[in-house]
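Here is a short briefing to read beside the structure. It goes topic by topic.

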Amino acid sequence: TKLAVADLNAAGGVLGTDVALLEGNEGETPQIAKETANRLIGEGANVIVGAASSGSSQEFIGDLFEQEIPQCSGSNTSPAFTDQDNAEFYFRTVPPDEAVAPVIADTVIGDGNANVAVISRADDYGEALAGLVAGALEDQGATVAANVAYNPEADNFAAEVTEVAGASPDAVVLISFDEGGDIVAGLLEEGITADQIYGSDGVFGPTFIAQVDESNPNVIDGMTVIGAAGNEDFNARIAEPTDNNFIYGGQTYDCAILMGLAVEQAGTATDGAAIVEAAIEISGGDGEVCTEVADCLEKIRNGEAVNYDGAAGALELDAVGDPTAASYAIGQFADGALTIVSSQEVDL
């Protein structure tokens with residue numbers, strides 16, 4: 001988000017003025033996210049980028065709807081946003097979980113696994129994605145050995161780990177956030193090897209190693225993670241400042257850029273409906289493709305129609321603000337670090 005604001009301002013800002021970035025932490029609970037969002041609105045925010053988790057966004061999406069303030073998230077993957085009534089001022093640059101589930105299944109089965117266990121958070125994110133992954137695995141001929149949900153607020157996950165390991169799976173798909181480090185540590189103790197474990201986007205990042213065992217950087221060498229990320233050039237651009245933490249980077253950058261371009265095209269920073277309409281139009285349509293922020297802004301200022309293909313590639317947002325194209329990265333931990341080993345473009 002900071003990089004996007006810097007790029008917008010380097011290109012002359014929006015509506016003749018620099019874009020100002022107001023920041024807030026969504027915290028550990030959705031209620032904190034709601035309080036933070038309302039504080040930012042009170043400080044004069046015209047648009048909201050975030051929250052990171054679907055549950056947090058759900059906590060304040062109604063407030064934004066009532067005040068007609070546009071919101072874009074680069075990481076909300078819950079299917080619920082697609083057809084809910086209060087999402088008129090909401091759009092996203094990452095597809096709902098229906099898109100990544102087949103990519104996860106392709107990767108797991110492509111590695112020769114036929115009997116797969118799934119363990120997931122018992123919340124909107126975890127339960128939705130777990131069901132989709134299980135369905136995708138079965139559709140492609142694999143057996144789901146176990147599908148176990150856990151309470152992310154629990155003190156430990158020993159019972160769930162024992163249930164998964166007891167199913168003797170060829171592979172385990174983990175759908176979690178940082179608490180998944182304790183689960184992976186437990187699986188390793190139960191005899192599941194790192195190369196049998198596949199993580200979803202919630203654990204896609206170099207810091208996950210420390211969540212498993214801070215004293216052993218090689219503890220999960222061989223573990224594979226799958227999630228949304230930017231294109232190769234953008235990932236290279238953010239590699240150093242983010243310590244190779246690519247997950248949702250391109251999508252979040254594109255959220256902020258789309259907001260800036262949309263405000264410029266709409267000619268207003270306060271008409272939420274006009275801004276969202278412009279963002280959807282700029283993301284696709286018949287306009288001339290532009291990939292550089294300065295080029296896109298110049299064309300819009302000259303009255304030209306543009307089609308922004310950004311850090312996450314083509315977006316082509318549909319009428320409800322969901323992308324119909326996506327870019328996914330497959331990463332693997334090796335030698336104590338996370339490396340992207342391949343990517344997959346998905347036309348939805």
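What is the order of the three strands in the open sheet? The order is S1-S2-S3, and the pairing is parallel. This is a predicted model. The structure holds two disulfides and five aromatic pairs. The briefing also covers the second largest pocket, with about 300 Å³ of space.

**Sheet**

- Three strands make up an open sheet with parallel pairing, in the order S1-S2-S3.
- Strand S1 (48-49) and strand S3 (90-92) stand at the edges.
- Each edge strand has a single partner strand, so one side of each lacks a neighbour in the sheet.
- S1 and S2 run parallel and are joined by two bridges.
- Ile-48 has Gln-71 as its bridge partner in S2.
- Strands of a sheet pair through backbone hydrogen bonds, either parallel or antiparallel.

**Disulfide Cys-72 to Cys-255**

- Cys-72 is joined to Cys-255 by a disulfide, with an S to S distance of 1.9 Å.
- Cys-72 lies in strand S2 (residues 71-73), while Cys-255 lies in helix H10 (residues 249-266), so the pair ties together parts that are 183 residues apart in sequence.
- The torsion about this S-S bond, between Cys-72 and Cys-255, is about -70 degrees, so the disulfide is left-handed.
- Cys-72 and Cys-255 are both buried.

**Disulfide Cys-290 to Cys-296**

- A disulfide also joins Cys-290 to Cys-296, at 2.1 Å from S to S.
- Is this disulfide, between Cys-290 and Cys-296, left-handed or right-handed? The torsion about its S-S bond is about 115 degrees, so it is right-handed.
- Why does Cys-290 count as buried? Its relative accessible area is 1%, and buried means under 20%.
- Cys-296 is buried too, because its relative accessible area is 0%, under the 20% cut-off.
- Counting bonded cysteines along the chain, the disulfides of the protein follow the pattern 1-2, 3-4.
- A disulfide is a covalent bond between the sulfur atoms of two cysteines.

**Second largest pocket**

- About 300 Å³ of space lies in the second largest pocket.
- The pocket is lined by 15 residues.
- Which of them are closest to its centre? They are Phe-234, Arg-237, Tyr-253, Thr-291 and Glu-292.
- Helix H9 (232-242) and helix H12 (293-301) are the elements that give two or more residues to the lining.
- H9 supplies the largest share of the lining, three residues.
- By class, the lining has seven nonpolar, five charged and three polar residues.

**Aromatic pairs**

- There are five aromatic pairs in the structure.
- One of the pairs is Phe-81 with Tyr-90, which is stacked.
- The rings of Phe-81 and Tyr-90 are 4.5 Å apart centre to centre, with 10 degrees between the planes.
- Phe-81 and Tyr-90 are both buried.
- How are Tyr-150 and Phe-157 paired, stacked or edge-to-face? They are edge-to-face, at 5.0 Å centre to centre and with 70 degrees between the planes.
- Tyr-150 is buried, and so is Phe-157.

How values were computed:
Residues numbered from 1 in each chain as written. Predicted model: local features only at pLDDT ≥ 70, side-chain atom pairs only at ≥ 80, totals over all residues. Heavy atoms only, no water. Disulfide = S-S within 2.5 Å. Helix = DSSP H or I, 4+ residues; strand = E, 2+ residues; numbered from the N terminus. Buried < 20%, exposed > 50% of the residue type's maximum accessible area, 1.4 Å probe, protein only. 1 Å grid on protein atoms, 1.4 Å probe; cavity = no way out; pocket = protein on both sides within 12 Å on 5 of 7 lines; lining within 4 Å. Points joined across faces, edges and corners; volume = space filled by probe spheres on them. Nonpolar A, V, L, I, M, F, W, Y, C, P; charged D, E, K, R; others polar. Phe/Tyr/Trp six-rings, centres within 6.5 Å; stacked < 30°, edge-to-face > 60°. Pairing = 2+ DSSP bridges.
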